[in-house]
Amino acid sequence: MINAEKIFDVLRITDFTIHPDETQLVFDTNFNGKSNLWAMDLPHAYPYQLSFLNQDSKGIAYSQDGSIIFAGFDTDGNEQDGLYKLSSKGGELQCLNGNETDRHFEPIPAKHAVYYSSTKHNPTFLNTYKYDLLTDREQLVFEGKDGSSLLGDVSPGEKAVSIHVSYVNSHSVCMVQTAEGDTKVIVPDREKPHMVYSSHFASDDQLYVTTNYNSEFSYLALYTISTDTFTPVLSIDKTELTSIHADPKGKYLYLIGKKGVKDVLYEYDTDSGEGRHVVCPCSSIAKICSTKSGSLYALGSTPTKPPNIYVKKQNETAWRQLTKHEVPGFSEDELSYPEVVTYPSFDGLSIEGLLFKPAQNEANGWTIIWPHGGPQDAENFMFYDIFQIAAKMGYQVFAPNFRGSANYGYSFYKMVEQDWGDGPRFDMVSGIDWLIDQKLADPDKLFLMGGSYGGYMALLLHGRHPEYFRAVVDICGVSNLFSFVKSVPDFWRPLMEKWVGHPERDYEKMKADSPITYLKTMTRPMLIVQGANDPRVVKEESDQVVDKLRAWGRNIEYLVMENEGHGFSKKENKIKVYSTIFSFFEKHRLSQTAKA
């Protein structure tokens, strides 16, 4: 543990933005152990602190003249983000609209206004508002109905907004509403299931979107409001084109593509209609910003390098690293770089996964099985501090992208909907069997750990396949689908029936897929970790399991972090959580060794 503890000190960056004149860079990092806004006066790279709330921020953005910074902040992980403004020179944070009760989503600044979606007056379907910075008045722009609605973009002249309406994770539509109140869906058939990832107005009349309408993988398309025409313009083979980041001059769009476990950056020329691959130092790209000078900024990581911000000047090929976040005490060569493995599942479906191996001289022979969260997410070539800690302690980590994972096509992505507990579970079991058959893992030396949906899967695998594991860790995992669908945030609820199931119509399926059904067979030692303020998987989900197993005298440990939510953002808390997890694993590894 002593050697691995150095990895506890790795810093994180979650978001950033660039001043319109490229004179300042603002980013969210945890230099002081808690998240705050920090800035650098470009081209200098010395950081200074701007905010002192010690809370996570979301949606950092400059006003168009660069004098004000907007950002949302929650309180100890409760995700009830108030929207704040701050002078770009520093000073006191001020609540933008006086509303610190409702949740606000990423702000989009306009000339003398800020647009945003909020739970105000419509917690289930959400509304979109315009806040006038000159009059300090808030105006309703779009009232959500039928599905959760989030602001996508605002046109340059504020003549239109794009709204993304979600009915389930695999079905969202993009609507354009004009200043006159006319609303149009951008695709020919709004009822046909498809997804919209991102939208960007090139003008008051033209909107670029990334969508998989009529396609297995998402592509870039152009919608023209005046003619109501939708035209695909760029697709990349077996690659999901997701977020759009625009050149301020309007010539180039930068697109983050996701292909299995790797991210790829593309540049689209709006004049010629051609796309090209842009070499990027990050194998996992979180965000791209482009400036008027033609500079390109990227936030991202690799499996052996934490998130950093990089810049590439116009007409240059080399990127320069602006931030210097590294793993203290280790070179990149001393860390675990994952192998990509592929195996056939129970029904022949091909499943891709990552295998993080420890150095041969550090290996203890044990493997940690890690089902990822989401469930419609995926593990990729990003930096995972918990995986690197595990490897330095001698553990191998196996992280499969089971059916329902993102980045493998639309059909694959939909497979988990209304089937949380069968297909993905059997994919996990098939992966474990494959590891053992390939002699990549010892069947007597397996641990299980996961968070969020991964915690749900850890509980379910523990209850239905306890013979595989020697100990289990559940982090913020769903235990009971019936209580889960009632306790999620209000704006998740319209998605629940198509995502999880209907409690009455699908009673037998939801019961069979609920880990709490199998408490009697959860016989292995277990540690459950929970954030007290978690709004997604509430504490009751963990309490149900702990209370019943303790009443039966089972070997269960419970760690509740009082000032955290769905994850652990404060450094001291993360150290406590990680120390507890690996002390738990070490205790049971050594006890098994002693028995042998």
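Student: In what order do the 4 strands of the open sheet stand, and which strands are at the edges?

Tutor: In this predicted model, local features need pLDDT of at least 70, side-chain atom pairs count only at pLDDT 80 or more, and totals for chains, interfaces and linings use all residues. Residues are numbered from 1 along each chain as its sequence is written, and side-chain values use heavy atoms, with hydrogens and water left out. The antiparallel sheet has the order β25-β26-β27-β28, where strands are DSSP runs of E, at least two residues, numbered from the N terminus, and pairing requires at least two DSSP bridges. Each edge strand has a single partner, so one side of it lacks a neighbour in the sheet, and these strands are β25 (284–290) and β28 (320–321).

Student: Which residue of β28 does Tyr-310 stand opposite?

Tutor: Strand β27 (residues 305–312) runs antiparallel to β28 and is joined to it by 2 bridges. Opposite Tyr-310 stands Gln-321.

Student: How are helix α3 and helix α4 oriented where they pack?

Tutor: Helices are DSSP runs of H or I, at least four residues, and axes are lines fitted to C-alpha atoms over the stretch in contact, with angles from 0 to 180 degrees between N-to-C directions. Helix α3 (residues 423–437) and helix α4 (residues 453–464) have axes 11 Å apart, at an angle of about 70°. Because angles of 65 to 115 degrees count as such, α3 is to α4 roughly perpendicular.

Conventions: Parallel < 35°, antiparallel > 145°, perpendicular 65-115°, else oblique.
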